[in-house]
Every structure is written in structure tokens, then in C-alpha cells.
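Hi,

Here is the structure I promised to pass on. Have it open while you read, and my notes follow below.

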Amino acid sequence: LSLSQNRVFVGGFTNHDLPMTGSPFDGGRNNQDAYVAVFSKNLDTFIYASYLGSNGNETFGTTSIQAIDDNSYVLGFTPDDALPAGSPNYLPDASAYDITFGGVFDMYMCKFSSLNTMAWGTYIGGTLGDTLNDLEIIPNGKIIFAGWTQSTTGLTEVNSAAASGSNSDGLIGIISGDGHTMHYLDKIGGPNRDRIFDLEWYDGV
């Protein structure tokens with residue numbers, strides 16, 4: 001859940017048909033999908049809703065959403081199959097960080113410049129399973145995100161502090177606001193399973 005000045009943005013998952021309104025970006029549900037819904041601040045007006053997902057199951061649904069203003073927002077989920085690149089197009093910017101589905105399931109995040117217009121979308125992941133749990137937009141416009149990865153290949157750490165501990169590590173990163181450049185990507189963990197579920201940005205104010 002995220003609040004803009006006048007609206008409430010909600011994300012989750014569903015395996016049932018939901019009411020759609022406001023010209024959805026993706027009006028077709030496939031199995032279990034993520035979704036986004038937007039309401040007025042006092043929750044008396046249903047403004048917009050859309051499914052989000054591949055032909056597989058988006059088991060965890062939309063795990064994080066951040067409103068930028070009343071119409072634009074960033075969100076993340078974990079598809080377990082390649083997302084459509086036609087209509088709808090989940091990969092509209094060919095210069096995004098990674099537009100190729102890499103493994104069993106990948107992290108995926110995207111930015112909508114209006115309620116139903118996607119500016120960019122990108123995968124983040126290697127050849128095995130990678131799960132997105134949380135993201136935040138930081139003051140310089142970059143996006144910090146966290147989750148976990150099983151991938152030992154196909155996922156290149158960037159400016160990382162130390163080597164990862166195992167093949168199931170927490171993962172934290174920072175990507176540019178246009179989705180093009182990974183500024184930081186680091187596996188964090190010991191010899192067993194490690195997960196990062198939540199993050200919070202503190203700017204010292």
C-alpha cells in the first residue's frame with residue numbers, strides 16, 4: 001500500500017476475476033496474477049485496477065508499490081514465466097537493465113508514468129530463482145530494492161562489499177530511476193538460507 005496526495009495505491013495477488021476499471025494496462029488474468037488498484041484517499045471512489053503477470057503464477061503478487069504522485073508509481077513482483085512484450089508490453093524500454101527472463105522466476109520492477117502507461121520494466125535475476133520483496137524510491141530518484149536469490153550464475157554483483165555466502169542469499173540493490181543502470185547489487189548471507197523482506201530509507205532529516 002502507498003499513498004499519494006489524493007489517492008491510495010494497493011497491490012496484491014488474486015486467482016479470481018476482479019472488477020477492472022479505468023482502462024487497465026492488462027485486463028486479462030492468467031492463473032494467479034499480481035494486481036494494482038487505485039482508490040480516492042477516502043476510499044469512496046474506485047479509480048483504476050489492472051492485473052499484472054505472465055502465463056504462469058505470480059505467487060506472491062505485487063509485493064511492493066510506491067506512489068510518485070496521483071498518477072505515476074513504481075511497483076515490483078516476481079513472475080515465474082516471461083512477461084508479454086507485445087500487447088500489453090511489460091518491456092517497453094529496450095534500454096532497460098535486463099529485458100530477458102533469466103530463470104525459474106525473476107525479480108521484476110516497473111514504472112508507470114500514468115495509471116495505465118508503463119514507462120519501463122526490467123527483470124533482475126540469474127538462472128535460478130530470484131524473489132523481489134520490497135522497494136523504495138530514494139530522494140535522488142533512484143530505486144532501492146531487496147529480496148533474495150538462489151542464482152549462482154547470470155546475476156552480476158555491482159560495487160558489492162564482499163563475496164556472497166551461499167546459493168541462497170539475501171539480495172539488495174539500487175537501480176536508476178529510468179530503469180537503465182544498476183548502481184549497486186549485493187548478495188548478503190552466510191552458508192544457509194538468507195532472505196531480506198523489508199527495507200527503509202533514512203535520509204538523516
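Strands themselves are DSSP runs (E, at least two residues), numbered from the N terminus. Keep in mind that this is a predicted model, where local features need pLDDT of at least 70 and side-chain atom pairs count only at pLDDT 80 or more, while totals for chains, interfaces and linings use all residues. Residues are numbered from 1 along each chain as its sequence is written, and side-chain values use heavy atoms, with hydrogens and water left out.

Let's start with β7 (residues 107–114). It pairs with β6 (residues 73–77) in the antiparallel sense, over 5 bridges, and Y73 sits opposite F112 of β7. On to β8 (residues 117–124): β7 and β8 also run antiparallel, joined by 7 bridges. A hairpin of 2 residues links β7 to β8, and S114 faces T117 in β8.

Now the packing. A nonpolar core here is a set of buried Ala, Val, Leu, Ile, Met, Phe, Trp, Tyr and Cys residues joined through side-chain atoms within 4.5 Å; buried means under 20% relative accessible area, exposed over 50%, and partly exposed in between (1.4 Å probe, protein chains only). The largest core has 21 residues, and those with the most contacts inside it include Y73, Y108 and F112. At least two residues of this core come from each of β3 (33–40), β4 (46–52), β5 (64–67), β6, β7 and β8. A second, separate core has 14 residues, among them W120 and L185.

What does Y108 touch? Taking contact as heavy atoms within 4.5 Å, and leaving out residues up to four places away in sequence, its partners include L75, Y90, M118 and L132.

Next, D81, which lies in the loop between β6 and β7. Is D81 buried or partly exposed? With 33% relative accessibility, D81 counts as partly exposed. Apart from residues up to four places away in sequence, D81 touches S54, N55, G56 and F101.

Further along there is an open sheet of 4 strands, in the order β9-β10-β11-β12, with antiparallel pairing. β9 (130–137) and β12 (182–188) are at the edges with a single partner strand each, so one side of each has no neighbour in the sheet. Inside the sheet, 7 bridges connect β10 (residues 143–149) with the antiparallel β11 (residues 169–175), and I144 is opposite I174 in β11.

Cheers

Definitions and conventions:
Pairing = 2+ DSSP bridges.
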